[in-house]
Structure formats: structure tokens, C-alpha cells
Amino acid sequence: MANLRMALSEAVKLNRSIAQFLKFSTFTDYGDLSGLDIDFSNGEQLLLWEELRRITDKLADVQEYIFYLTRPITEVSILRKGTAGNIQAFAAM
């Protein structure tokens with residue numbers, strides 16, 4: 001039976017593949033697919049390019065989420081709303 005740690009481990013492996021794909025698709029260099037060679041007069045290529053653009057945007061989000069989950073916890077604290085409406089952090093022990 002899988003557990004939470006194993007699921008995170010698989011997500012980290014997946015993240016490596018996502019990083020490879022984003023680099024290959026030129027997304028990491030340009031923030032989009034503008035580095036790909038495409039014939040903009042070809043309707044089939046335009047459709048494929050647009051769908052890959054949607055996929056790369058979502059994969060970039062997934063990559064950020066997985067990166068966030070693997071970062072170390074630097075502080076644990078309790079947030080409380082003060083009487084003036086401001087947020088105050090108290091270190092948890």
C-alpha cells in the first residue's frame with residue numbers, strides 16, 4: 001500500500017521528467033514555446049503548438065507545486081489576528 005512519503009517521492013521523479021520536457025520545448029528559455037520551429041501557415045502545426053502551450057503552462061505550475069512541497073520547513077508558528085485586525089506570528093514550541 002502506498003503512503004504519503006512514497007507519493008511525494010514519485011512526484012519528485014515526475015518533476016525531473018517535467019523539467020526535461022519544459023527544457024526541450026524551450027519553455028525554460030523563453031517562458032513559452034517561441035523557440036520551437038513551427039510553420040504558422042500550417043493549421044495542424046498551429047493546433048499542436050497551441051495545445052502544447054496549454055500543457056506546458058500547466059506543467060510549469062505542477063513543477064512549482066512539487067518544488068514547494070520539497071522545500072524544507074524553516075519555521076513553525078501560529079498566526080493570530082490581533083484586535084486591530086493585524087496578523088501576528090507566534091513561534092510554536
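Begin by selecting Val76, which counts as exposed at 54% relative accessibility; here buried means under 20% relative accessible area, exposed means over 50%, and partly exposed lies in between, with a 1.4 Å probe and protein chains only. What you have open is a predicted model, in which local features need pLDDT of at least 70 and side-chain atom pairs count only at pLDDT 80 or more, while totals for chains, interfaces and linings use all residues. Residues are numbered from 1 along each chain as its sequence is written, and side-chain values use heavy atoms, with hydrogens and water left out.

Val76 sits in the loop between helix 3 and strand 1, where helices (H or I, at least four residues) and strands (E, at least two) are DSSP runs numbered from the N terminus. If you draw a distance from the C-alpha atom of Val76 to that of Ile66, 10 residues apart along the chain, it comes to 20 Å.

Next, select Thr74, which belongs to the loop between helix 3 and strand 1 (77–81) and counts as exposed, with 78% relative accessibility. Its C-alpha atom lies 33 Å from that of Phe24, and these two residues are 50 places apart along the chain.

Now move to Thr70, which is part of helix 3 and, at 39% relative accessibility, counts as partly exposed. Which residues does Thr70 touch, not counting residues up to four places away in sequence? They are Leu8 and Val12, where a contact means heavy atoms within 4.5 Å.

Select the whole of helix 3 (43–70). Its 28 residues should span 40 Å at 1.5 Å a residue, and its end C-alpha atoms are 41 Å apart, which agrees; the expected span is 1.5 Å times one less than the number of residues. At the start of this helix, look for Asn42, whose side-chain oxygen comes within 2.9 Å of the backbone nitrogen of Glu44. Then colour Thr56, Ala60 and Ile66, the buried residues of helix 3, and you can see that they pack against helix 1 and helix 2 (27–30).

The next stop is the loop between helix 1 and helix 2, where you will find Ser25 and Thr26. Is Ser25 buried or exposed? Ser25 counts as buried, at 4% relative accessibility, and, leaving out residues up to four places away in sequence, it touches Asp32, Leu33, Leu36 and Thr56. Thr26 is also buried, with a relative accessible area of 12%, and it has a positive phi of about 70° although it is not a glycine. With residues up to four places away in sequence again left out, the contacts of Thr26 include Gly31, Ser34 and Gly35.

Finish at the largest pocket, by selecting Phe21, Phe24, Ser25, Leu33, Leu36, Asp37, Ile38, Gln45, Leu48, Trp49 and Leu52, which line it. Helix 1 (4–24) and helix 3 are the elements that give two or more residues to this lining, and helix 3 gives the most, with four residues. By class, the lining has eight nonpolar, two polar and one charged residues; Ala, Val, Leu, Ile, Met, Phe, Trp, Tyr, Cys and Pro count as nonpolar, Asp, Glu, Lys and Arg as charged, and the others, Gly among them, as polar.

About 160 Å³ of space lies in this pocket. On a 1 Å grid over the protein atoms alone, a pocket is an open set of points where a 1.4 Å probe fits, with protein on both sides within 12 Å along at least five of seven lines, and lining residues have an atom within 4 Å of a point. Grid points are joined across faces, edges and corners, and the volume is the space filled by probe spheres set on the points.

How values were computed
Polar contact = N/O pair within 3.5 Å; in protein donor to acceptor, adjacent residues only side chain to side chain.
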